[in-house]
Amino acid sequence: MVQLRYEPVLGDTPQFDFGNPRSANWSEFDADLANCAYPAHAVQVIRDTRLAFANSDMPRSRYWSVPDDIDMVTDIPYLDDNVRGHRLDLYLPHDAVVRGGHALPVYVDIHGGGFVYGYKELNRNFNVTLAQHGFAVFSLNYRPAPQTDFIGQLQDIAAGLTWIAQHGDAYPIDLRHCFITGDSAGGTLAFYQAVLQNNPWAARAYDITPSGLSINGIATISGLFDLSPFTPGVPHPHYGDERPDDVVSVIGPQFFKRLAGIDPDVRFSTDLIRNCAIPPAYLVTSSDDFIEAETLALATSLSHAHKDFELHDVKVQPGASLGHVYSVCMSWLDESKEIFRQIHDFSYRLIR
């Protein structure tokens, strides 16, 4: 019999009660919904989505730990406003700390959660494993909806990158070799952010000042990339005016509203690919991923534009299950271990 317990890493947080998803410390649940300007139905969908996501993440959390060979610097504010969404963590292989110098390549991780769920602690398992594969890993918070919208989240992440650019030399890392990764909604944010950071003229359309970091590559896991169906004034290609009741569709009219005012040349992923310099990309999905088609469509667009990318689409065997963003929340799986090996090889190919 396995007793479901979790030993918290930070502070004096009580042990998780696996019967109550609200006990998870890695997400907002209700505190930011009381005075929300969203319609009542959208607020309920956000609340239900957060609880459903936490309910599925909690059984996995008993496997999450930080081994002795990884050092952490936690809860660094990248903006001085005491907002939880404006903090970051840093994971470092202890060997790099012992050796010193500034040789360790850097990954910046953007967690997923349908744009409404989660903070950086949600991806601790992924960040630790990525650090064990030879990277310094900055894990960024950003404000979840309804605290801000899509462009606000991009601006939060840009502010985090600026902090890294200004303060990263204090750590044994190599800021010349920076990569961005993200899963699910975080994959969306990572893709957009990487392109905007490397194309200042496009960043201006989003009121973003590039950090000065050169983003050498992108690694996205089960991302959502085509935002056009969720943007006001753009018909959904499959549902018309009757949009599905998933959280992204429900919050879309408020969350993506400002995209309508963005320069059409850089508004959506296909526009960015057509008109901007795109860092090399490593794309992960699986046949068990409910938005597998998003990654395949992105790969097709990158291929048509003759961009540098690698696609890893796992075919799940009958009787097995991987689900969405499996390599982020279940790093111990053999399929996940292969993803980390490929991320390492992809990244070091670009460093050499």
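Analyst: Happy to! Let's begin with Pro146, which sits in the loop between strand E4 (136-140) and H4. Keep in mind that this is a predicted model. The peptide bond leading from Ala145 into Pro146 is cis, and its omega is near 10°. That is worth a glance because most peptide bonds are trans.

The axes of helix H4 (residues 150-167) and helix H5 (residues 185-198) come within 10 Å, crossing at roughly 60°. H4 is therefore oblique to H5, and the crossing of the two is right-handed. On the H4 side, the contact is made by Phe150, Gln153, Leu154, Ile157, Ala158 and Leu161. Their partners in H5 are Thr188, Leu189, Tyr192, Gln193, Leu196 and Gln197. By type, the residues of this contact comprise eight nonpolar and four polar ones, with no charged residue.

Phe115, in the loop between strand E3 (104-110) and helix H3 (124-132), has a positive phi of about 70° although it is not a glycine. Phe115 is also buried, as its relative accessible area is 1%. Val325 lies in the loop between strand E8 (309-314) and helix H10 (326-329), and there a non-glycine residue again has a positive phi, of about 45°. With a relative accessible area of 11%, Val325 is buried.

How values were computed
Residues are numbered from 1 along each chain as its sequence is written. This is a predicted model: local features need pLDDT of at least 70, side-chain atom pairs count only at pLDDT 80 or more; totals for chains, interfaces and linings use all residues. Side-chain values use heavy atoms; hydrogens and water are left out. Axes are lines fitted to C-alpha atoms, for helices over the stretch in contact, and angles run from 0 to 180 degrees between N-to-C directions. Helices (H or I, at least four residues) and strands (E, at least two) are DSSP runs, numbered from the N terminus. Angles under 35 degrees count as roughly parallel, over 145 as roughly antiparallel, 65 to 115 as roughly perpendicular and the rest as oblique. A crossing is left-handed if the near helix is turned anticlockwise from the far one by less than a right angle, and right-handed if clockwise. Contact means heavy atoms within 4.5 Å. Ala, Val, Leu, Ile, Met, Phe, Trp, Tyr, Cys and Pro count as nonpolar, Asp, Glu, Lys and Arg as charged, and the others, Gly among them, as polar. Buried means under 20% relative accessible area, exposed over 50%, partly exposed in between (1.4 Å probe, protein chains only).
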